[in-house]
Amino acid sequence: AGLHVEMPTALREGTVLTEIKVSGRNVVRVTADTPRLRQLLDALGLQDVAVPEELDGETAMITVKPMVMTEFTEHERRAVLMQGPIPEVLMPAGVDLAQLGEIGLRMLGLPEAEAHEFAKKMDWKTTLVVPVPPMATQFRQVLVGSSQGVEIEGPILDPETRAVRGNWNLLLWSRGGRVYGIRSTMRFSDVLAMANSLQ
């Protein structure tokens, strides 16, 4: 992967490392389709979300360098730590990730004022590496060491009955030119301890 892989030193008793893998370099070209985005917002009943007209037909290039994923398991619970260089993002002139992120947060159900404030504070390049699942129900800011991060939570649904079986959490942050994410079904206090103990 071309990087020093950091590992957590704070793990609950009984937690074991079960897998390490490396993803390859990926280059993604995204072309904006504002009429389709507007249709989706209308279907969700979001009439107050502004879509930048100048975005239509514009192309963004996203380069994600190799990422290292390490999986830890504690009985039925698991956590996957992802780490790698911050992606390179070439956006059309006049468009920033926070603006698009705010639209995404509204689509996930956040109220207008909360989505606006949250979008300004979040490092959206982390979500290009570790996407936010569509079932997210809660967002909050947390500190990971001295870095600002975000915790996202959502329900785990039974595939047959659609009943809630528990919750997942996702911790995202960046530091020193690197992005990190921990996707987990463990207790969030244990996930935060893992993140704070990386070395």
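H75 is located in the loop between β4 (67-74) and β5 (77-85); strands (E, at least two residues) and helices (H or I, at least four residues) are DSSP runs numbered from the N terminus. The model is a predicted one, in which local features need pLDDT of at least 70 and side-chain atom pairs count only at pLDDT 80 or more, while totals for chains, interfaces and linings use all residues. Residues are numbered from 1 along each chain as its sequence is written, and side-chain values use heavy atoms, with hydrogens and water left out.

Although H75 is not a glycine, its phi is positive, at about 55°. Most residues other than glycine have a negative phi. H75 counts as exposed, with a relative accessibility of 69%; the classes are buried (under 20% relative accessible area), exposed (over 50%) and partly exposed (in between), for a 1.4 Å probe and protein chains only. R162, also not a glycine, has a positive phi of about 65°. This residue belongs to the loop between β8 and β9, and R162 is exposed at a relative accessible area of 52%.

**Salt bridges**

The whole structure contains 13 salt bridges, each defined as a side-chain nitrogen of Lys or Arg within 4 Å of a carboxyl oxygen of Asp or Glu.

| Pair | N to O distance |
|---|---|
| R178 and E6 | 3.6 Å |
| R38 and E53 | 2.5 Å |
| E151 and R140 | 2.4 Å |

The side chains of R178 and E6 meet in a salt bridge. R178 is in strand β10 (residues 178-184) and E6 is in the segment before β1 (16-23), so this pair ties together parts that are 172 residues apart in sequence. R178 and E6 are both buried.

R38 forms a salt bridge with E53. Because R38 lies in helix α1 (residues 34-43) and E53 in the loop between α1 and β3 (59-64), the pair ties together parts 15 residues apart in sequence. R38 is partly exposed at 31% relative accessibility, and E53 is partly exposed at 49%.

E151 forms a salt bridge with R140. The pair links distant parts of the chain, with E151 in strand β8 (residues 147-157) and R140 in strand β7 (residues 138-144), 11 residues apart. E151 is buried, its relative accessible area being 0%, whereas R140 is partly exposed at 36%.

**Surroundings of S174**

S174 sits in strand β9 (residues 164-175) and is buried, with a relative accessible area of 19%. Its side chain makes a polar contact with the side chain of D123 at 2.5 Å; such a contact is a pair of N or O atoms within 3.5 Å, and within protein one must be able to donate a hydrogen and the other to accept it, while residues adjacent in sequence count only if both atoms are side-chain atoms. Beyond its neighbours within four places in sequence, S174 is in contact (heavy atoms within 4.5 Å) with D123, T126, S147, V179 and Y180.

**The largest pocket**

The largest pocket holds about 930 Å³ of space, a volume being the space filled by probe spheres set on grid points joined across faces, edges and corners. A pocket is an open set of points, on a 1 Å grid over the protein atoms alone, where a 1.4 Å probe fits, with protein on both sides within 12 Å along at least five of seven lines; lining residues have an atom within 4 Å of a point. The lining comprises 30 residues, and V30, L97, L100, G101 and L128 lie nearest the centre of the pocket. At least two lining residues come from each of β2 (26-31), α1, β3, α2 (97-107) and α4 (125-129), and α2 gives the most, with 7 residues. By class, the lining has 22 nonpolar, 6 polar and 2 charged residues; Ala, Val, Leu, Ile, Met, Phe, Trp, Tyr, Cys and Pro count as nonpolar, Asp, Glu, Lys and Arg as charged, and the others, Gly among them, as polar.
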